[in-house]
Amino acid sequence: MTSGIEQGLTEREIKQYGEDGFLVFDDILSAEEVGELRLACEEPQIVELRSQKDYETKTVHALGITALHPAFLKLAKHPAIVAKLKSLLGEDIELQHSKLATKPPTKGLGIFAWHQDIAFYPHTNTDLLSVMVMLDDATPENGCMQMVKGSHRLGLLNHLVNGRFAAECQERQYWEQPENPGDIVCITPKSGGISIHHGLTLHGSDANASGKPRRGIVFSYRAGDAYQLADTLFDDTGLLICGSKKGIVRCDAGVVTLPYRGGNSPYGSSWNQVGGFAAAQNEANE
């Protein structure tokens, strides 16, 4: 029997996610759990993923962290999070990637461009979402995420400039001139809270004006039958979160524009599908 916090989503919450493309919950983690995660963020193997200059001047995404510290691996499978995921992705769920997202404490820096996550890592279907676990309160002052309500229903928007992937959406009207200004929503979970957003939900964030850190741990999850078509294979890509791997691929994404970046692997390393750490963990848990 699960506690109240480990129950799945209500019918109202599922409907709201379908309409808005995001949900916010406070009080998912205890203060003790948050404290342990903050300490883990300061371990050498995590800190060395970024330079001090980067930390002080821009938003940094330190990737693949579940493979680097057991606290993050445990968090990726946290019962209170997984219970909510099952209501949206089904019983078979994999990790696509993990990261520590830090806003620079330097006032006025850390803008992150508006984008849709799936533009970076397209799959055969769009049953993907991201969970951001806040280690500090998210506020407009410290550059909280902003999302365009209902934008996940627009489909995949243009993220290309002159045929190359630009890492930001080019259809600026959706956040600069929305039909309803109220559709631009500040996402403000407290420390220990989470936000959940669909992989097609348009989102971005302003600079950090607080002069204090704004840290969040992000897990991007996918339904077990979503097969990655492009972008990077991380060491924890394909980590089984719950359920089982059934060898089934669901193809309903339609025509997909791959994020062309040039070079010898212009569309990334995703054909491998499962990273080394994820493969070892999956085998150990069989």
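This passage describes the overall build of a predicted protein model and then some of its local features. Because the model is predicted, local features were considered at pLDDT of at least 70 and side-chain atom pairs at pLDDT 80 or more, whereas totals for chains, interfaces and linings use all residues. Residues are numbered from 1 along each chain as its sequence is written, and side-chain values use heavy atoms, with hydrogens and water left out.

The secondary structure of the protein comprises 9 helices and 13 strands, where helices (H or I, at least four residues) and strands (E, at least two) are DSSP runs numbered from the N terminus. The radius of gyration, taken over C-alpha atoms, is 18 Å, which agrees with the value near 19 Å that a compact globule of 286 residues would have under the rule of 2.2 Å times the number of residues to the power 0.38. Along the principal axes, the C-alpha atoms fill a box of roughly 50 × 45 × 45 Å. Of the 286 residues, 48% are buried, a term that denotes under 20% relative accessible area, with exposed meaning over 50% and partly exposed lying in between (1.4 Å probe, protein chains only). The protein exposes about 13200 Å², of which carbon and sulfur atoms supply 51%; accessible areas come from the Shrake-Rupley method with a 1.4 Å probe, and for residues only the protein chains shown count as cover.

The structure holds 4 aromatic pairs, for which rings of Phe, Tyr and Trp (its six-membered ring) must have their centres within 6.5 Å, planes under 30 degrees apart counting as stacked, over 60 as edge-to-face and the rest as tilted. One of these is edge-to-face, because the rings of Phe120 and Phe165 have their planes at 85°, with the centres 4.9 Å apart. Since Phe120 belongs to helix α7 (residues 117–120) and Phe165 to strand β8 (residues 164–165), the pair ties together parts that are 45 residues apart in sequence. Phe165 is buried, with a relative accessible area of 14%. Phe219 and Tyr221 form a tilted pair, at 6.0 Å centre to centre and 45° between the planes, and both Phe219 and Tyr221 are buried. In a further arrangement involving a ring, Lys84 lies over the face of Phe25 at 4.4 Å from the ring centre, the criterion being NZ of Lys or CZ of Arg within 6 Å of the centre and within 35 degrees of the ring normal.

Two loop residues are also buried. Leu135, in the loop between β5 (128–134) and β6 (145–148), has a relative accessible area of 0%; leaving aside neighbours within four places in sequence, its contacts include Val34, Leu37, Cys41 and Ile217. His78, located between α5 (70–76) and α6 (79–89), counts as buried at 12% relative accessibility and touches Ile28, Leu29 and Glu33, not counting residues up to four places away in sequence.

In helix α9 (residues 276–284), Phe277, Ala278 and Asn282 are buried. These residues lie on the same side of α9, because they cover an arc of only 130° around the axis, as given by the directions from the helix axis to the C-beta atoms. Gly276, Glu283 and Ala284, on the other side of α9, are exposed. The cover over the buried residues of α9 includes α5 and β13 (239–242).

Note on methods. Contact means heavy atoms within 4.5 Å.
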